[in-house]
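Trainee: Could I ask for a close look at a single part of this model, namely its open sheet and whatever packs on it?

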Amino acid sequence: MQVSSLNEVKIYSLSCGKSLPEWLSDRKKRALQKKDVDIRRRIELIQDFEMPTVCTTIKVSKDGQYILATGTYKPRVRCYDTYQLSLKFERCLDSEVVTFETLSDDYSKIVFLHNDRYIEFHSQSGFYYKTRIPKFGRDFSYHYPSCDLYFVGASSEVYRLNLEQGRYLNPLQTDAAENNVCDINSVHGLFATGTIEGRVECWDPRTRGRVGVLDCALSSVTADSEINSLPTISALKFNGALTMAVGTSTGQVLLYDLRSDKPLLVKDHQYGLPIKSVHFQDSLDLILSADSRIIKMWNKNSGKIFTSLEPEHDLNDVCLYPNSGMLLTANEAPKMGIYYVPVLGPAPRWCSFLDNLTEELEENPESTVYDDYKFVTKKDLENLGLTHLIGSPFLRAYMHGFFMDIRLYHKVKLMVNPFAYEEYRKDKIRQKIEETRAQRVQLKKLPKVNKELALKLIEEEEEKQKSTWKKKVKSLPNILTDDRFKVMFENPDFQVDEESEEFRLLNPLVSKISEKRKKKLRLLEQQELHGKEEEEEPEGKPSDAESSESSDDEKDWVAEVRKQRRLLQQEEKVKRQEQLREDQQTVLKPQFYEIKAGEEFRSFKDSATKQKLMNKTLEDRLKLEAKNGTLSVSDTTVGSKQLTFTLKKSEQQKKQQEAEKLHRQERKAVRRSAGHLRSRPRQRRPFH
């Protein structure tokens with residue numbers, strides 16, 4: 001029997017384990033039970049509770065005595081008597097069964113819907129009658145007051161077959177192209193059908209008229225859900241007079257109140273698989289919804305997950321045994337699943353011994369397979385010196401580490417540290433002694449780790465208790481009494497190192513208060529050594545001296561900070577000198593650089609000057625640029641500064657500018673000479 005637990009809810013699988021063939025003799029069965037532990041420990045609740053290949057549907061009769069299941073191959077139906085814990089009868093069928101329903105309290109009246117459009121009626125003795133519907137059927141429901149069977153399928157019509165008259169009645173015409181599922185409310189007889197367009201149509205069988213339509217496809221789309229196709233209705237179930245649960249093909253379950261067109265709750269399975277079945281568990285206000293991979297149980301008021309069950313094989317159908325905590329599943333495997341959840345309810349009366357069995361298992365829990373192995377990381381293997389075993393059968397890789405045999409781990413650890421057990425034994429004895437001492441009336445006792453920090457917290461707590469504003473401010477929990485920080489005062493690995501560089505940078509000031517606390521700490525240690533029962537005040541330092549010295553703390557604050565800074569600077573200077581000494585000792589080797597093809601060699605002087613310029617501050621660079629004429633600073637009328645930058649020009653730009661300037665000067669000279677010639681007066685020739 002396999003046990004799983006989620007949210008502290010235990011689920012017992014009663015169908016796991018190996019099954020024995022029927023043709024084996026009793027002698028061979030006993031021999032196998034002696035050899036195989038799994039066969040010896042298995043629980044066969046119902047004999048031969050399986051199908052040849054696959055089980056498609058499973059249901060329980062209304063009186064709870066019979067369990068009926070259909071499967072293949074070949075298509076058949078099997079009926080199991082729970083009082084006898086064995087098979088009652090088996091009947092082979094002509095075609096596979098889509099779904100079936102028991103019309104009586106026992107197995108005497110059964111209706112089967114086949115996948116070849118046939119409807120088959122069976123009585124207590126066997127086959128009774130067969131008829132056919134016009135279209136392929138997918139689901140049907142029985143209306144007890146009128147003796148009508150409502151069939152839905154690959155058609156927009158809902159076919160009605162009256163069993164009292166033995167004939168078909170006028171069908172109900174829906175607005176959908178096809179219908180997938182249907183159900184009838186047992187309280188007021190409302191008929192509901194789920195369509196392929198994602199709607200639920202409700203009909204009144206008395207007037208044969210439609211009374212309402214729910215658009216579930218639009219309501220199933222939430223902000224967190226990812227929808228790749230149009231959601232269709234795949235499951236439908238009524239509970240009471242006003243509650244209805246709808247399952248979609250995209251993995252959502254919608255809970256409705258019939259008085260509203262908006263869902264009360266939308267639960268997503270997060271798998272994107274069609275919902276196979278929905279059941280209500282009234283004692284704990286739970287809803288059991290199942291797809292082909294998982295069965296989820298959640299609260300119908302808040303939607304919070306109660307527990308979940310993930311079988312080994314895909315699910316085809318789920319049946320909840322009435323008034324109990326037993327679940328029956330039809331799987332894509334020969335074996336049908338039987339699960340017992342004690343929290344949901346007691347075991348059925350035909351297997352009441354399960355309650356005693358589960359109670360014994362809870363009292364004596366069995367060790368799991370991981371108890372024989374030890375999980376170690378790569379760092380643990382390095383400490384044990386077992387890194388050479390990586391890749392061998394002694395280590396099994398798992399996540400960020402390895403599993404190894406617990407016996408090998410203890411043997412190697414004993415060889416590495418032979419006194420580990422003695423240290424462990426002494427620590428346990430010390431813990432027991434401290435536990436007994438904790439019951440005595442004690443004075444203020446400091447922990448062995450981080451004593452100064454604990455003393456500081458105690459003093460702060462006492463100051464808070466003496467302050468007047470304690471009643472106004474909400475009191476915070478003390479770290480010393482909080483179990484989350486208990487290891488910080490017990491494990492030496494959490495000891496604060498006050499000489500480390502990080503601590504000195506975060507706490508550069510060693511104030512007078514810390515010095516007084518250290519003296520007080522030494523006094524408490526002396527009291528513990530001498531076993532005194534009363535605390536005494538340090539000699540030579542009365543209480544009024546502390547108050548007088550507290551005023552001097554502010555004056556010495558600057559001096560203490562400067563002192564710490566000087567110490568840090570001296571340490572940095574010593575480090576730099578040591579680094580420089582090491583660099584001088586190292587012999588520098590010449591470095592060669594390769595020049596790319598098509599490039600000319602340039603001196604390193606330009607790059608060195610640029611590097612020196614970049615190392616200078618902004619003020620020095622601005623002064624240098626102002627000296628070179630590339631920067632000018634001037635004052636404005638409003639008192640602000642105005643900076644003007646002149647971009648540096650390349651050699652090619654300078655040559656081009658000089659050529660343009662020379663060209664302009666030549667043109668000016670030409671224009672000037674041409675104007676001078678035009679302005680000269682013409683000489684008249686003499687007239688003869």
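Mentor: Three strands form an open sheet in the order E30-E32-E31, with antiparallel pairing; strands here are DSSP runs of E with at least two residues, helices are runs of H or I with at least four, and both are numbered from the N terminus. Two strands count as paired if DSSP finds at least two bridges between them. The edge strands, E30 (373-377) and E31 (396-398), each pair on one side only. On average, neighbouring strands of this sheet are turned by 35° against each other, direction ignored; the axes are lines fitted to C-alpha atoms, for helices over the stretch in contact, and angles run from 0 to 180 degrees between N-to-C directions.

This is a predicted model, in which local features need pLDDT of at least 70 and side-chain atom pairs count only at pLDDT 80 or more, while totals for chains, interfaces and linings use all residues. Residues are numbered from 1 along each chain as its sequence is written, and side-chain values use heavy atoms, with hydrogens and water left out.

E30 and strand E32 (residues 401-405) run antiparallel and are joined by five bridges. Within E32, Gly401 is the bridge partner of Thr377. Helix H6 (residues 406-416) packs on the sheet and touches E30 and E32, where contact means heavy atoms within 4.5 Å. The direction of H6 makes about 90° with that of E32.
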